[in-house]
Amino acid sequence: MQVNLVDWLKMMVASRRSEEVVDPTIETRPSTRALKRALLTALRCVDPDSEKRPKMGQVVRMLESDDPIPRGVCITVLQEIRTLSLFS
């Protein structure tokens with residue numbers, strides 16, 4: 001059985017199981033905030049609409065920033081997650 005990685009990640013985020021996507025063998029677990037930032041950034045990078053995907057410079061800034069994640073980014077990603085047929 002093949003699993004689409006993007007769909008799996010969206011499902012995990014939508015079902016509030018984000019912590020389970022982290023490799024259990026890594027020595028230092030990311031903070032919840034860092035994990036959320038990385039996952040939201042990753043999901044933006046695989047947006048079906050290529051025009052909405054961030055440029056690499058934007059990705060670096062998103063990952064390095066200590067600023068709160070903009071609400072608009074969270075809403076956009078969550079709307080994309082809801083478009084999966086799994087959640088219809």
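Student: Threonine 41, buried or exposed?

Tutor: Threonine 41 is buried, because its relative accessible area is 5% and the cut-off for buried is under 20%. Bear in mind that this is a predicted model.

Student: Where does threonine 41 sit?

Tutor: In helix α2, which covers residues 32-45.

Student: And which residues does threonine 41 touch, leaving out those up to four places away in sequence?

Tutor: Val59, Met62 and Leu63.

Student: Stepping back, how many helices and strands are there in the protein?

Tutor: Four helices and zero strands. From the N terminus on, the order is α-α-α-α.

Student: What share of the residues is buried?

Tutor: Of the 88 residues in the protein, 23% are buried.

Student: What about the exposed surface? How much of it comes from carbon and sulfur atoms?

Tutor: The protein exposes about 6700 Å², and carbon and sulfur atoms supply 54% of that area.

Student: Contacts, then. Of those between residues at least 6 apart in sequence, what share joins residues at least 24 apart?

Tutor: That share is 55%.

Student: Back to helices. Which residues of α1 are buried?

Tutor: Helix α1 spans residues 5-14, and Leu9, Lys10, Met12 and Val13 are buried there. They lie on the same side of α1, because the arc they cover around the axis is only 160°.

Student: What caps the N-terminal end of α1?

Tutor: Asparagine 4 does, with a side-chain oxygen 2.9 Å from the backbone nitrogen of valine 6.

Student: And what follows α1?

Tutor: Arginine 16 follows α1, and the phi of arginine 16 is positive, near 55°.

Student: Which nonpolar patch on the surface does Leu5 belong to?

Tutor: The one that Leu5 forms with Met1, Val3 and Trp8. Together these residues have about 520 Å² of accessible area.

Student: Changing topic: how many salt bridges does a search of the whole structure find?

Tutor: One.

Student: Which residues form the salt bridge, and how far apart are the closest N and O atoms?

Tutor: Arginine 17 and glutamate 20 form the salt bridge, and their closest N and O atoms are 2.9 Å apart.

Student: What are the relative accessible areas of those two?

Tutor: Arginine 17 has 36%, so this residue counts as partly exposed. Glutamate 20 is partly exposed as well, with 48%.

Technical notes: Residues are numbered from 1 along each chain as its sequence is written. This is a predicted model: local features need pLDDT of at least 70, side-chain atom pairs count only at pLDDT 80 or more; totals for chains, interfaces and linings use all residues. Side-chain values use heavy atoms; hydrogens and water are left out. Helices (H or I, at least four residues) and strands (E, at least two) are DSSP runs, numbered from the N terminus. Buried means under 20% relative accessible area, exposed over 50%, partly exposed in between (1.4 Å probe, protein chains only). Contact means heavy atoms within 4.5 Å. Accessible areas come from the Shrake-Rupley method with a 1.4 Å probe; for residues, only the protein chains shown count as cover. The arc is that of the directions from the helix axis to the C-beta atoms. A polar contact is a pair of N or O atoms within 3.5 Å; within protein, one must be able to donate a hydrogen and the other to accept it, and residues adjacent in sequence count only if both atoms are side-chain atoms. Patches are made of residues with over 30% relative accessible area and no salt bridge: like charges are joined within 9 Å, nonpolar side chains (Val, Leu, Ile, Met, Phe, Trp, Tyr) within 5 Å. A salt bridge is a side-chain nitrogen of Lys or Arg within 4 Å of a carboxyl oxygen of Asp or Glu.
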